[in-house]
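Dear colleague,

Please find below the structure that I am handing over to you. My findings follow directly after it.

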Amino acid sequence: MTPIESISDEEEIDIPDADHRDLPKLTTAVKDAKTTRELMFVLRHFHLGDPTASERLAQVDDDLLPALLNPYRDSSRLLYNYPLLLLPRSAEAQTPIHDTVLSLDQWLHQAAAEFAPGKESARILKDHLPWLAHQLRQRLAQIEGPVNATPVLSETASMLEEHLQLKGGAQEQLSGDLERLLQQVPAGAELLGYGRYPALHLLIHTALSKALPRRARFQEQIAECIRGLKQLFDVEWEKSDESIEPRAARDSIGLGSNYFNPDALSAVMDHSHGTRQMPVERRERIQRTLSILESWQPDPVLVRFVHVGSLTDDWCSESSLYEALADADPCARAMQVFDEKAAEHAEIFSAVRIAELEIKGIYNPEIHDPWFAGFRWNAFSREELLLVPTTIALGAADQIADEGLRSLSRLLNSGRPVQILIRVQPHNNPGAAPDEGPFQAFRTELGYLGIAHRQAVVTQSSPARHKHLLDCFNIAFESTNTSLHVINTGQRPISKLVPLNAWLVAGAAIESRAHPFFRINPAAGDSALARMDFSENPQESVDWPVHPFRYLDENGHVAEEQLGFTFVDYVLLIERLRGSFRYIPPECDSPALTPVDRYLAMPRDQTRTLVPFVWAVDSNLILHRLVFSIDLINAARDRRNYWRALQEMAGIRNKHVERAIAATRDEEQRQAAEARAVLQAQHTEELLRVRTEAAGEAMQRLTDMLLGLDTMAPPQPARAVPSKTVATTAQEEGKLPPEEQTAPTTKSEESLEFEEPWIDTPLCTSCNDCLKVNALLFLYNEEKQALLGDPKNGTYAQLVEAAELCPAKCIHPGMPLNPDEPNLDALIQRAVPFNQ
């Protein structure tokens, strides 16, 4: 959940205005038409880029925030997942990566519950766990990279005791509980704050968590191969003359050898050789392989990352498990480093394969010798590729999009399991020229560029959502393809008046579609539906996430609006781009002023006379309207275009799907119309036949009566003409009881003739709206799609109401079954759109 999504959307209640002191307030101003016309002239010119207009409008202050972010102004009170507790990596078993990374708040509560499960036990400590987390969060924000968890937690625990200054039993209880809490810290655990490179630290942690157990299993495999090859030599030695020499015969007896004469024993032993001995060529090959296996020493460095020279922090050299290399072209150097390490491992991998073939006795020199002579990384198995030490190319977005683009493309298409980590700033354009602004051209989307390399794993994520990021890394380290990770960490605080932390700014980038999340995994299949993961984007089915915003209007009354959080709102957080905004004077009141989310939803030809604005709040809780340059509108449309392209790949608002649904609906309606036409024709034909027969029979009876042929039989009334063929046939055969036989149809009754209702079941979306109207009239089939029950179980009004509620418009009420139902004329009119 993004920060904005946590804003309360409780219903407004009528309480005194004093309880709304924390709500932003519109300023009161005198408005007149002349002033508004003059101001609108200036605002339009500023929006269209007239530099002289910017001088006539007030510049925005540093304390402004987008209206929806104002509740998070004091980020020191903000609770979020960092710091993270990184549990020690184990070589014994591969633990799911999510289980090795916990938020500090989560771990503190779990650890306290371990030794104090009762609600009232360790009450003082449990009440102050948020205080501990806050202090640790503030302290680790200034430290780059993971730190040992135990000493930091111990120091913070001492600070808590000093802060509370308890006495007597309460102090003893707190001290004991803190000691038990510290005992819960796993040995070797680390704490990671939200610094400059949290994504890189999590990538290294994931790489080590995967590599250590894999290497341990490989060493076990080598040990088994050594034992197997030695057993081959033991068997071969038993075939030799030396195995039955006197000394060997004595040694074979064991502890009782002193009681035997080895020379006599050797003389009576069989010296014949019934089994062929190992060829010299094979013996040498096995000896050479055994020597390689016994002398192999694993590379102590498990992770190497190549950067452009920007990493100068101490943490780069603090661990022997990873190594930092500087190069002007990280992707090209990373490819070279991988090839070097893969070549070093080719010898041990081939030795293991040869050993396993020799142990099974299936090594064929004619086949295997030339194959192993050219053995290199592209012949490695999946397990072997994953054993090569991890290589990471750490690139800057502008360098990658410029001179590094060719190397990036080559590496992505190479198939080498190298990790590429690119840090981007969502407001910048990586492909812009040095003398261009960020919005002068359409943005180069490096993630979309990565998707063009069909066999590469491509992810776009942020450490601000560490679980999503870990999912991306986990997929990458289970794949043998090249992986590209496009990461946004967020900006530092823009001013002392707006101390927003980088985590919140990164969350705003996700919310504003400036940095949408996605994962592309080629191993999942060839279709976009199988490859694409679009989860954890807020309100993924709409252009801009919408949230309720409450404020005090000019009269001091509480008002609420639904605001969309757009790319323009996000840009307001970027200090160097604040020159693109100006205040709209409060006295300007024109219907042409339009909130940016509504402006962007309109067709362009309808916005020519409008001026968009964005809501902002200052540190005094004053609500302002800000006008901005047209470049920001164009940039927002460009970001929306990218968002919609990703939506379509994920199957959301996909025009092809919508077209197929419309075609299916049209085909269903056409077939239904044809079926109705056939039934109506059959009904008309049958009705004509019955009328003709009834008329002929009536005339025959009349003739017989007039001629006196049936003078004793009482006169019979003419049989009524039914409205349905089934009723006619049943009545003629005498199957209907007298009370159900149909009276003659009058003209008024024909106008209300019953037409059966029906449902386009394949179009049903399972929304339950119709079942809420009448669960006996509407039923579900096995696929939870609506069917029509007995029409007698409901009313025509319920049929019409359900048709109006149905989002798929698949309910067709037909004509009423009961001609006496109230308000039929109005109901029939309401049903017309659904019967066509």
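A residue is called buried at under 20% relative accessible area, exposed at over 50%, and partly exposed in between, with a 1.4 Å probe and protein chains only. Helices (H or I, at least four residues) and strands (E, at least two) are DSSP runs, numbered from the N terminus. The model is a predicted one: local features need pLDDT of at least 70, side-chain atom pairs count only at pLDDT 80 or more, and totals for chains, interfaces and linings use all residues. Residues are numbered from 1 along each chain as its sequence is written, and side-chain values use heavy atoms, with hydrogens and water left out.

Overall composition

The protein chain has 836 residues, of which 46% are buried, and its secondary structure comprises 29 helices and 24 strands. Where contacts (heavy atoms within 4.5 Å) join residues at least 6 apart in sequence, 72% of them are between residues at least 24 apart.

On helix α16 (residues 405–414), the buried residues are S407, L408, L411, L412 and S414. Viewed down the axis of α16, these buried residues fall within an arc of 160 degrees, so they line one face of the helix; the arc is that of the directions from the helix axis to the C-beta atoms. R406, R410 and N413 are exposed on the other side of α16. The packing partners of the buried residues of α16 are α12 (330–360), α15 (397–401), β10, α17 and β12 (483–487). G415 follows α16 and has a positive phi, near 85 degrees.

Helix α19 (residues 502–511) has ten of its ten residues buried, so it is largely enclosed by the rest of the structure. Among them are W503, L504, I510 and E511. The buried residues of α19 pack against β15 (546–552) and α21. R513 follows α19, and the phi of R513 is positive, near 70 degrees.

Aromatic rings and charges

Rings of Phe, Tyr and Trp (its six-membered ring) are taken as a pair if their centres lie within 6.5 Å; planes under 30 degrees apart count as stacked, over 60 as edge-to-face and the rest as tilted. A search of the whole structure gives 20 aromatic pairs. In one of these, the ring centres of W371 and F375 are 5.3 Å apart and the planes stand at 45 degrees, so the pair is tilted. W371 is partly exposed at a relative accessible area of 40%, whereas F375 is buried at 9%.

F439 and F567 form an edge-to-face pair, with 6.0 Å from centre to centre and 85 degrees between the planes. This pair links distant parts of the chain, 128 residues apart: F439 is in the loop between β10 (419–423) and α17 (446–451), and F567 is in helix α21 (residues 567–571). F439 is buried, with a relative accessible area of 13%, and F567 is buried, with 0%.

Ring pairs also join F218, W296, F349, Y363, W371, F372, F375 and F380 into a cluster.

A charge is said to sit over a ring if NZ of Lys or CZ of Arg is within 6 Å of the ring centre and within 35 degrees of the ring normal. The charged end of R513 sits over the ring of W643, 3.7 Å from its centre. The charged end of R137 sits over the ring of Y80, at 5.1 Å from its centre.

Cavities and a pocket

On a 1 Å grid over the protein atoms alone, a cavity is a set of points where a 1.4 Å probe fits but cannot get out, and a pocket is an open set with protein on both sides within 12 Å along at least five of seven lines; lining residues have an atom within 4 Å of a point. Grid points are joined across faces, edges and corners, and a volume is the space filled by probe spheres set on the points.

By this rule there are six cavities of 30 Å³ or more. The largest cavity has a volume of about 190 Å³. Its lining consists of 17 residues, with L385, L386, V388, P389 and T390 nearest the centre. The largest share of that lining, four residues, comes from α8.

The second largest pocket holds about 760 Å³ of space. It is lined by 30 residues, and A396, A397, D398, R423 and Q425 are the closest to its centre. β9 (390–396) and α15 each supply at least two residues of this lining.

Yours sincerely
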